[in-house]
Amino acid sequence: MTEKTTGASYAAAGVDIEAGDRAVELMKEWVKKTQRPEVLGGLGGFAGLFDASALKRYERPLLASATDGVGTKVDIARQLGVYDTIGHDLVAMVMDDIVVCGAEPLFMTDYICVGKVHPERVAAIVKGIAEGCVLAGCALVGGETAEHPGLLGPDDFDVAGAGTGVVEYDRLLGADRIRTGDAVIAMASSGLHSNGYSLVRHVLFDRAGMSLEQEIEELGRTLGEELLEPTKIYSLDCLALTRTAEVHAFSHITGGGLAANLARVIPDHLHAAVDRSTWAPGAIFDLVGKAGQVEQLELEKTLNMGVGMMAVVPAESVDVALTALADRGVDSWVAGEIVERGEHTEGSTLTGSYAS
């Protein structure tokens, strides 16, 4: 007698459609909180809809787009079982790139890839993304949750996102506006943000043998709490600054460090000289450097060293700019100036020693 076999199914292959549907239901309330008047329809359609007639008020609207992820910081969230902050990092990585050119963030979509759908976990991730979108002033108009059994472990996940913004052509910020004598204003980071975690994890865990639950006196909290600190979202602060003071350029300090990212908005004939003595990086940067015996230049080309965003403004706008940022609770200071580029200088360099 031949034994009957059970036919193959999507569920048997490891994909749980019902769990995916449950995750969508749980995330709807959070997505709703991000809605702008221009958004049409709700969650669950094949495409997110944004009413482009809202752009008629622009003479020559330019659409700005960006896409990014959070990198290996997601593994810290996985190990700690904390999923409702990593979305802030995702929004910051995308929308703070968009605002650099002076664009207003409009809407965003996300992509969450998991080994197994845990509805509450996915909803917590989306909650964080939605909260980040509120902080950035944009709508979360859609996304995708993909289940990849066999490729990812049951608790593994990754996130990515794409965003769109708009800026008036004659208000586009960038290298063309920068002049000799402009001041470089630094805005403090909230910590490591979402870059350099491959180095950080290697140094602190593999080399120094630290644990996420370990209390670190100089940090004033556990290592895990420090590493999971959400990336600061500067989008609305930067837009407010452009309405208050003349701004020539912004630079989002992400992968590659301060000097390399600032150089991206400096014209070829000019140079940004940044003075390290104008600020003291947070304790986490010193901890990474000492634990791994990481040379200063290596730290600086990998981590933000306490600066998450920079603005280049005319010298006469400095006081107004600093006051405007302070009024919004943004810790900022003059960190350098724009000078003529020498024969052997690059777009941006750091000079001096950090303040103690």
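## Thr231 and its surroundings

The side chains of Thr231 and Ser194 are joined by a polar contact of 2.8 Å (N or O atoms within 3.5 Å, one able to donate a hydrogen and the other to accept it; residues adjacent in sequence count only if both atoms are side-chain atoms). The model is a predicted one, in which local features need pLDDT of at least 70 and side-chain atom pairs count only at pLDDT 80 or more, while totals for chains, interfaces and linings use all residues. Residues are numbered from 1 along each chain as its sequence is written, and side-chain values use heavy atoms, with hydrogens and water left out.

Thr231 lies in the loop between helix H6 (223-227) and helix H7 (235-244); helices (H or I, at least four residues) and strands (E, at least two) are DSSP runs numbered from the N terminus. Thr231 counts as buried because its relative accessibility is 3% (buried is under 20%, exposed over 50%, partly exposed in between, with a 1.4 Å probe and protein chains only). Leaving aside residues up to four places away in sequence, Thr231 touches Lys73, His88, Asp89, Ala92, Met93, Ser190, His193 and Ser194 (contact: heavy atoms within 4.5 Å).

## Packing of H3 against H4

His88, one of the residues that Thr231 touches, also takes part in the contact of H3 with H4. The axes of helix H3 (residues 86-98) and helix H4 (residues 119-136) come within 6 Å and cross at roughly 40° (lines fitted to C-alpha atoms over the stretch in contact; angles run from 0 to 180 degrees between N-to-C directions). H3 is therefore oblique to H4 (under 35 degrees is roughly parallel, over 145 roughly antiparallel, 65 to 115 roughly perpendicular, the rest oblique).

From H3, Ile86, Gly87, His88, Leu90, Val91 and Met95 meet a set of H4 residues including Ile125, Gly128, Ile129 and Glu131. The residues of this contact divide into 9 nonpolar, 4 polar and 1 charged (Ala, Val, Leu, Ile, Met, Phe, Trp, Tyr, Cys and Pro are nonpolar; Asp, Glu, Lys and Arg charged; the others, Gly among them, polar).

## Packing of H7 against H11

H7 packs with helix H11 (residues 318-327) at an angle of about 140°, their axes being 10 Å apart. H7 is therefore oblique to H11. On the H7 side, Asp237, Leu241 and Thr244 meet Val320, Ala321, Ala324 and Leu325 of H11. These residues comprise 5 nonpolar, 1 polar and 1 charged.

## Helix H9

The buried residues of helix H9 (residues 283-292) include Ile284, Phe285, Leu287 and Val288. They pack against helix H5 (197-207), strand S8 (215-216), H6 and helix H10 (296-300). After H9 comes Gln293, with a positive phi near 50°.
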